[in-house]
Amino acid sequence: MSKSLLLPALLLTALHLPLMGEGTKQEQAPPAATTEETQAVAKNAPAGTDPFEGIVRIEAEFLLPDYRTPWQAGRPTSGNGTGWLVGKNKFITNAHVVSNSTKIFIRTTDDPKPYEAKIVHIAHDCDLAMLEPLDTKRFADLKPLKLDDVPKLDTEVIAVGYPIGGDRVSVTRGVVSRIDFQSYSHSGIDQHLAIQVDAAINPGNSGGPVLQGGKVVGVAFQGYSGAVAQNVGYMIPVPVINRFLKDIEDGSYDHYMDLAITDFPIENPAQIKALGLEDNGVGVMVANVDSASCAGDLLKVGDVLMAIDGSPVYNNGLIRLDGEMVDMNEVVERKFAGDKIKIDILRGGKPQTVELELKRYLPYLMLGEQYVQRPTYVLYAGMLFQPMTRNLMEAHNIRDPLVNYWFDNYVTKELFKERPEVVVLTAILPDEVNSYLQGYQHSIVDEINGVKIKNLKDVAEALKHKEGDGKFVVVKLLEKNRPLVLRRDLADAAQPIILQKYGVDKDSYLGD
């Protein structure tokens, strides 16, 4: 999870290449790799073999959920990306290349025949996935690519993959220009270590290896869209890849852990003195601690973080790790569920040491993109009720200030404690029974028939509940002065007619 999004999600985009149903923008042809670079790759390959034989084209068919009409199966589409062999019959690619897929095929550089594959593990929080071909004999003799380490700044790398405009492998070159924490656009909320390169990385390169000296130093995964930047792409570095491979060794992926705290620098001389700190650039103050996190009971606002696992935390939130200055969250990034870390703090001028056991922080998941999930909903008398998620907000283009406030502050102000699921009246399908009620759309549901709504299942139950004489269905919307009222007999009579009119086979799906 990230402390804050560094870049607007609409600018930083994954490099998935659609094949149908979506347009692609043709870009200037990228520079080709030099002969010397290609020879460097070949040196690490066995004699008589193709140095790129372990790099494959991945083609996938998808069924994308439709949050505007959640009762429908979804929209079919397809696309392609790149993958590479990391172990026997195990291929690495990006999660966004295969998310929501119904069929996956892989092709090698020397064989046009598509071979069906399946997802073995997928990690949406770090945009990585592992695939396995159904026909394991076909790929049994391929040589896996070897992993290296984080490349140095201002050193050359080559990106290999199947980008725009061709079925054959493409090689482009560039220079490592930045190593930093970066937003991962696939989930929209996670930040991890990422490496910026000026190699041309285009749609279709997603999941492909970035090589240095013939070894993998990263996985191409996202870049800027539009005219924001020129020749700026990003790769997932080896520490993130290794963590993914380590996590799945037990047969399941347990996700990233997070401290779920925010901090601000301590640079003012008077503040440094008031806090009793040495003027040596060490110490960052805790600005917020989410109570549902692993740090919730142990850290407090105003604590000064001095060191994590013995490494000093500098006043800009950085820490020295493996000889490099990185965000202090990188220490947590490389650990797993159940691992413990020691944090040296200064509280009220007195030094203390706290030990945290890391666990997954769940409330923030609502803020991220959801995949391989059928949208949940309740439809009654044309009123469509759905839980608030990022997918929902984008699909319905919700601009209501109150709904946006709840979405933006759901985690930071711990609104999830009040409403584990924020239910929104997203649409009203026009019918005589709900005439003149369109203005209630895009509102948060507070009560139905006197029942407080804390999740979508409450909606289904509350619609059956009869308040008073039971002649009316009364829907109260948060901070709306006038409730939405329907005659129950007319609403019940209209229900089957509305379902038939709009092609709805089931009036609700609650995720069961």
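This is a predicted model: local features need pLDDT of at least 70, side-chain atom pairs count only at pLDDT 80 or more; totals for chains, interfaces and linings use all residues.
1. **Salt bridges overall.** The whole structure holds 21 salt bridges.

2. **Glu 59 and Arg 107.** These two side chains form a salt bridge, with the closest N and O atoms 2.9 Å apart. Glu 59 belongs to strand 3 (residues 55-64) and Arg 107 to strand 6 (residues 101-108), so the bridge ties together parts that are 48 residues apart in sequence. Glu 59 is buried, at 16% relative accessibility. Arg 107 has a relative accessible area of 24% and is partly exposed. The cut-off matters here: buried means under 20%.

3. **Arg 390 and Glu 394.** This salt bridge has an N to O distance of 4.0 Å. The cut-off is within 4 Å. Both residues sit in helix 6 (residues 390-396). They are four residues apart, about one turn of the helix. Arg 390 is buried, with 11% relative accessible area. Glu 394 is partly exposed, at 46%.

4. **Lys 480 and Asp 400.** Here too the N to O distance is 4.0 Å. The pair links distant parts of the chain, 80 residues apart. Lys 480 is in the loop between strand 28 (472-477) and strand 29 (484-487). Asp 400 is in the loop between helix 6 and helix 7 (401-409). Lys 480 is partly exposed, with a relative accessible area of 32%. Asp 400 counts as buried, at 18% relative accessibility.

5. **A salt-bridge network.** Glu 418, Arg 419, Asp 446 and Lys 452 belong to one network. Salt bridges with shared partners join them.

6. **Strands 9, 10 and 11.** Strand 9 (residues 156-161) and strand 10 (residues 170-184) run antiparallel, joined by six bridges. Val 160 has Val 171 in strand 10 as its bridge partner. Strand 10 also runs antiparallel to strand 11 (residues 190-197), with eight bridges between them. There, Phe 181 is partnered by Leu 193 of strand 11. Strand 10 and strand 11 make a hairpin, with five residues between them. Gly 188 lies in the turn and has a positive phi of about 85 degrees.

7. **Tyr 377.** This residue lies in strand 23 (residues 377-380). Tyr 377 is buried, at 0% relative accessibility. What does it touch beyond its neighbours within four places in sequence? The contacts include Pro 70, Trp 71, Leu 384, Phe 385, Leu 456, Val 504, Lys 506 and Tyr 509. Pro 70 is 307 residues away in sequence, yet the C-alpha to C-alpha distance to Tyr 377 is 6.9 Å. A polar atom of the Tyr 377 side chain lies 2.5 Å from the backbone oxygen of Lys 506. A colleague checking geometry may want to look at that distance, 2.5 Å, in the viewer.

8. **Ser 293.** Ser 293 is in the loop between strand 16 (284-289) and strand 17 (304-308). A polar atom of its side chain lies 2.7 Å from the backbone oxygen of Asp 290. Leaving aside neighbours within four places in sequence, Ser 293 is in contact with Leu 259, Ala 260, Lys 359 and Tyr 361.

9. **Aromatic pairs.** The whole structure contains six aromatic pairs. In one of them, the ring centres of Phe 244 and Tyr 253 are 5.8 Å apart and the planes stand at 55 degrees, so the pair is tilted. Edge-to-face would need an angle over 60 degrees. Both partners are buried: Phe 244 has a relative accessible area of 1%, and Tyr 253 has 11%. Elsewhere, ring pairs link Phe 91, Tyr 115 and Phe 139 into a cluster.

10. **Charges over rings.** Arg 243 lies over the face of Tyr 256, 4.1 Å from the ring centre. The charged end of Arg 374 sits over the ring of Tyr 509, at 4.0 Å from its centre. Tyr 509 is also among the contacts of Tyr 377.

Key
Residues are numbered from 1 along each chain as its sequence is written. Side-chain values use heavy atoms; hydrogens and water are left out. Helices (H or I, at least four residues) and strands (E, at least two) are DSSP runs, numbered from the N terminus. Buried means under 20% relative accessible area, exposed over 50%, partly exposed in between (1.4 Å probe, protein chains only). Contact means heavy atoms within 4.5 Å. A polar contact is a pair of N or O atoms within 3.5 Å; within protein, one must be able to donate a hydrogen and the other to accept it, and residues adjacent in sequence count only if both atoms are side-chain atoms. Two strands pair if DSSP finds at least two bridges between them. Rings of Phe, Tyr and Trp (its six-membered ring) pair if their centres lie within 6.5 Å; planes under 30 degrees apart count as stacked, over 60 as edge-to-face and the rest as tilted. A charge sits over a ring if NZ of Lys or CZ of Arg is within 6 Å of the ring centre and within 35 degrees of the ring normal.
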